[in-house]
Amino acid sequence: MSWRGWGDPRHIPDLTPRVVKALEAEIGTLAATTTPVTVDEVRLRPSTVSSALQTDLERTVGAAHLTTDRLARIRRSGGKSYTDLWRRRDGDAEGAPDAVVFPADHDEVTQVLEVATRHGAAIVPYGGGTSVVGGLEPCREDRQTLVSLDLSRMDRVVAVDETSRLATFEPGVRGPAAEAELRRRGFTLGHFPQSYAYASIGGYVATRSAGQASTGYGRVDQLVHQVRLATPTGTVVAGGAPASAAGPDLRQLLIGSEGTLGVITQATLQIQPAPEEERYEARAVGSFHRGLEVLRHLQQEGMAPDVCRLSDPDETRLFAQQADGGAGRLFRGYLRTRGYGDGCLLLLGWSGLRRQIALSRAAAARVLSEHTTIRLGSRPGQSWAQGRFDGPYLRDALMDRGVMVETLETATTYTNVERLYSAVRGAIRHAMADSGRPGVVLCHVSHLYDSGCSLYFTWLCRERADDVLGQYRTIKEAASTAITRAGGTITHHHGVGTEHRAHLTAEIGERGAALLRAVKQELDPAGIMNPGKLIPLPGDHAQNGVDAGHGASTPGVEGP
């Protein structure tokens, strides 16, 4: 995995003339390709690990599993957010952890936390390294030393209960390895986020992950049967029964805790039979509004496919412009001929037994025909599925050409979704224009629920060489403020990290924030676990007068 980009640098694509032309029509002339800094040029402060701390850590995990190696520290100096990557590409890893430790099991994790507490060192749990919201930023706060706790040695599939359809994993198991072992036994987890190639099971649980087929298989928080957490004050095990009325469900307190309460050392998740077939197809609808109605009816009538993705007009247009040959022009011309204007692209995917897929497709076809969608065949859907995990590599190529490209996501009710869409899209566009770099904002719906859906935004504009990170923060803050004011959740599946922390109180209220701080105090009284993430500060305040945790579901709050 590249220390300065997404994954294997050999997979970074060249921008084709068609892609460059389409982008320059939207955001202006791209910069010349930049020359990346080398590892030796990266700025890195000396490790502050004391001899006493090093001795205690080596006694715990073995000398071979503790390192202060330069590259190892640089690799763990953040995740894969735009700001994380930009700093490293600029040669800045000053805040990198002082050491990396590799525990072998739950007991060693517990002992590492005891050692860190005794020496006053901060701990940042590290799984796949794919956080895009600053979840791995090495925030020391008032501590001199910070240690990255890498879980890659804890990579076993512990057990598969085929009768109960449950699988137990150690936290360091990567998505492909977990899926390969399950497929060998005839099962699947059904969880495929865009970070799938590198993300870990522990990371899925720690961030409340959602995958491309979560509409069908469920988000991770719906799949977790039991979770074990090692904390500085002891071990917590939550869950284990298919249902319980024994008080609040503590699993939901640990899921999404982002390493701030402790380290997930084991998780048991629900699995499903491996699919006999996966089938994708595409439709066109006349407008984003109509597409939302199609998705709502599919979901609420129990006919939604496992994958449902609706692109807005701008995302549909760019998709068509980048299609091979004249396919894009033919697609747009066909829609106009049918009276659909530029239209919106609707991608649908089914996964399971062939017989079940046939029945599901037939049921969905009735709703799709009632809403007068146009069938576009299987090719667009298959093309999307085949290139699904290549998107982050395209970001590397764009950053090489001076393009700021970032994503954010939210969710709200069907009643409020179009208002939220307009508010966030407008806020990003205005912020980009105010920075002197007008750009393009794309959006699609990617996850459905009976009461509402998610919105996933992508924005692109040229970087301002004089203040790139300031430009980014201005745009991100404008978008985040628009989300909270327009009744959306501050994050649907990317997590909180550092980037959403200041806005969390607006969603959960002052009492909710105080409750999280109380749990933190109980499990991590010395405050060593992943400082600076998730847990709102007492100074953070609920915006717009919201103080009861209603901000993410109240359409009546005044918009931007």
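The legends below describe close-up views of a predicted model.

In this predicted model, local features need pLDDT of at least 70 and side-chain atom pairs count only at pLDDT 80 or more, while totals for chains, interfaces and linings use all residues. Residues are numbered from 1 along each chain as its sequence is written, and side-chain values use heavy atoms, with hydrogens and water left out.

View A. Helices (H or I, at least four residues) and strands (E, at least two) are DSSP runs, numbered from the N terminus. Strand β6 (residues 166-169) runs antiparallel to β5 and is joined to it by four bridges. Within these strands, Leu166 in β6 stands opposite Asp161.

**View B. Aromatic pairs.** Rings of Phe, Tyr and Trp (its six-membered ring) pair if their centres lie within 6.5 Å; planes under 30 degrees apart count as stacked, over 60 as edge-to-face and the rest as tilted. Eight aromatic pairs are counted by this rule. Phe192 and Tyr196 form an edge-to-face pair, because their ring centres are 5.2 Å apart and their planes stand at 65 degrees. Both Phe192 and Tyr196 are buried; buried means under 20% relative accessible area, exposed over 50%, partly exposed in between (1.4 Å probe, protein chains only). The pair of Phe288 and Tyr421 is tilted, with 4.6 Å centre to centre and 40 degrees between the planes. This pair links distant parts of the chain, 133 residues apart: Phe288 belongs to helix α11 (residues 288-300) and Tyr421 to helix α17 (residues 417-434). Phe288 and Tyr421 are both buried. One aromatic cluster is made up of Tyr82, Trp459 and Tyr472.

**View C. Arginines over aromatic rings.** Arg76 lies over the face of Tyr126, 5.3 Å from the ring centre. Arg361 is placed over the face of Trp350, at 5.7 Å from the ring centre. A charge sits over a ring if NZ of Lys or CZ of Arg is within 6 Å of the ring centre and within 35 degrees of the ring normal.

**View D. Asp314 and its contacts.** Asp314 is in helix α12 (residues 313-321) and is buried, with a relative accessible area of 12%. Its side chain makes a polar contact of 2.7 Å with the side chain of Arg425. A polar contact is a pair of N or O atoms within 3.5 Å; within protein, one must be able to donate a hydrogen and the other to accept it, and residues adjacent in sequence count only if both atoms are side-chain atoms. Leaving aside neighbours within four places in sequence, Asp314 is in contact with Arg425, Val441 and Leu442.

**View E. Glu141 and Leu534, with positive phi.** Most residues other than glycine have a negative phi. Glu141 has a positive phi of about 55 degrees and is found in the loop between β3 (122-126) and β4 (146-150). Glu141 is exposed, at 52% relative accessible area. Leu534 has a positive phi of about 60 degrees and lies in the segment after α19 (501-523). Leu534 counts as buried, at 9% relative accessibility.

Notes: Pairing = 2+ DSSP bridges. Contact = heavy atoms within 4.5 Å.
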